[in-house]
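Hello,

Here is the structure we talked about. My notes follow below it.

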Amino acid sequence: MALPRSQARGWVKAAKMAQRRRPADDTGGPQSPAPGSQRAALYVHWPYCEKRCSYCNFNKYIPRGVDEAALRRCLVIEAQTLLRLSGVRRVESVFFGGGTPSLASPHTVAAVLEAVAQAAHLPADSEVTLEANPTSASGSRLAAFGAAGVNRLSIGLQSLDDTELQLLGRTHSVRDALQTLAEAQRLFPGRVSVDLMLGLPAQQVGPWLRQLQGLLRCCDDHVSLYQLSLERGTTLFTQVQQGALPAPDPELAAEMYQEGRAVLREAGFRQYEVSNFARNGALSTHNWTYWQCGQYLGVGPGAHGRFIPQGAGGHTREARIQTLEPDSWMKEVMLFGHGTRRRVPLSELELLEEVLAMGLRTDVGITHQHWQQFEPQLTLWDLFGASKEVKELQEQGLLLLDHRGLRCSWEGLAVLDSLLLSLLSRLQEAWQQRTPSSVPRG
């Protein structure tokens with residue numbers, strides 16, 4: 001059941017009035033929901049694409065006569081059901097991902113937002129993001145998504161080289177990408193994010209850096225850099241395995257990443273997360289919820305979620321995965337109100353491991369106050385203050401532990417995976433011992 005049209009129009013109008021408001025300043029990140037709070041982010045998965053890219057192993061499907069009305073109805077039902085089951089009263093952000101959600105009709109986006117606003121409080125300045133591919137997002141279509149309530153776009157450019165785009169199996173050209181980017185910035189000024197990939201087969205540092213510098217002449221205030229990951233079962237993986245393409249060079253990819261983040265820093269971008277860069281406070285508040293281990297609900301085929309179901313004693317957070325295949329998912333939604341296929345209760349240690357691993361992806365890291373929301377007894381000082389490994393990482397200038405909390409330095413963010421091995425091992429060891437150290441908690 002959707003909101004009355006007058007209410008729906010009122011929410012969209014208020015959202016558009018708040019569209020230019022920034023979610024955060026450059027000194028930190030947005031406030032994230034505390035564990036067990038009645039606030040959450042909402043992810044909505046659109047499972048269809050025009051074509052499967054050569055590197056992609058996500059849960060997506062090439063449509064053959066999609067019944068969008070039926071899919072829309074199920075997205076609405078599942079969103080309302082999960083909001084009720086979770087006890088969430090306030091939705092901080094909504095993210096339409098995929099797949100290619102810009103293939104959906106704006107009416108579907110509007111219907112989901114109306115359903116959310118009916119079941120919970122959706123503030124007028126909530127971030128509502130839509131992932132878009134250049135070939136499925138003309139200016140008029142983007143404007144229609146804006147009228148439906150979208151106020152932020154994430155555009156999958158991936159490359160500014162036509163040969164690389166063909167290698168990746170993308171359906172757009174560089175010209176398409178730049179045209180879509182210009183239209184997006186006109187319609188959503190200051191609220192457009194672009195993705196750029198690095199570490200492709202045969203890719204070289206110099207040409208890739210020129211791509212990035214070219215992008216900086218026309219992009220908005222948010223850039224994401226993603227290294228190619230060769231996934232088994234993809235076309236690109238097979239081509240490399242069979243020798244048709246050279247394997248990506250990890251050392252060259254590392255150099256691209258290091259040089260790229262330096263270029264972005266020089267251009268005024270803050271690296272607020274391992275792969276994400278923003279200026280003028282244009283952080284993604286939705287993704288910030290993930291990195292701060294706030295609650296989030298996953299709606300749609302194959303969507304993931306993390307929340308405490310109402311009636312579970314208010315303590316046990318569950319990892320949830322919705323049924324992958326769209327037709328099976330829709331049948332389950334119509335039968336049960338949701339298509340949750342798997343529920344895994346997270347132990348206290350597993351949750352703390354997520355808090356540590358996700359929080360250290362950001363430049364803010366983990367503050368003492370944030371950690372204590374999840375673990376009030378065993379402090380960061382208790383865990384890491386007397387650790388020889390942590391002291392060595394501090395001496396190397398990779399890690400900081402002080403009155404603010406635990407975080408990586410700018411240099412440390414680039415080698416986070418290697419740091420986490422020691423930190424997670426220390427957390428597991430301390431959790432077994434449960435004996436706080438006598439280190440001062442300054």
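Gln 158 lies in strand 4 (residues 152-158); helices (H or I, at least four residues) and strands (E, at least two) are DSSP runs numbered from the N terminus. The model is predicted, with local features needing pLDDT of at least 70 and side-chain atom pairs pLDDT 80 or more, while totals for chains, interfaces and linings use all residues. Numbering starts from 1 along each chain as its sequence is written, and side-chain values use heavy atoms, without hydrogens and water.

The phi of Gln 158 is positive, near 70°, and this residue is not a glycine. Most residues other than glycine have a negative phi, and most peptide bonds are trans. A cis peptide bond joins Gly 98 and Gly 99, with omega about 25°. Gly 99 sits in the loop between strand 2 (90-98) and helix 3 (106-119).

The axes (lines fitted to C-alpha atoms over the stretch in contact, with angles from 0 to 180 degrees between N-to-C directions) of helix 2 (residues 68-86) and helix 11 (residues 326-336) come within 10 Å and cross at roughly 50°. Helix 2 is therefore oblique to helix 11; angles under 35 degrees count as roughly parallel, over 145 as roughly antiparallel, 65 to 115 as roughly perpendicular and the rest as oblique. In the contact (heavy atoms within 4.5 Å), helix 2 supplies Ala 70, Leu 71, Arg 73, Cys 74, Leu 75, Ile 77 and Glu 78, and helix 11 supplies Trp 329, Met 330, Val 333 and Met 334.

Regards
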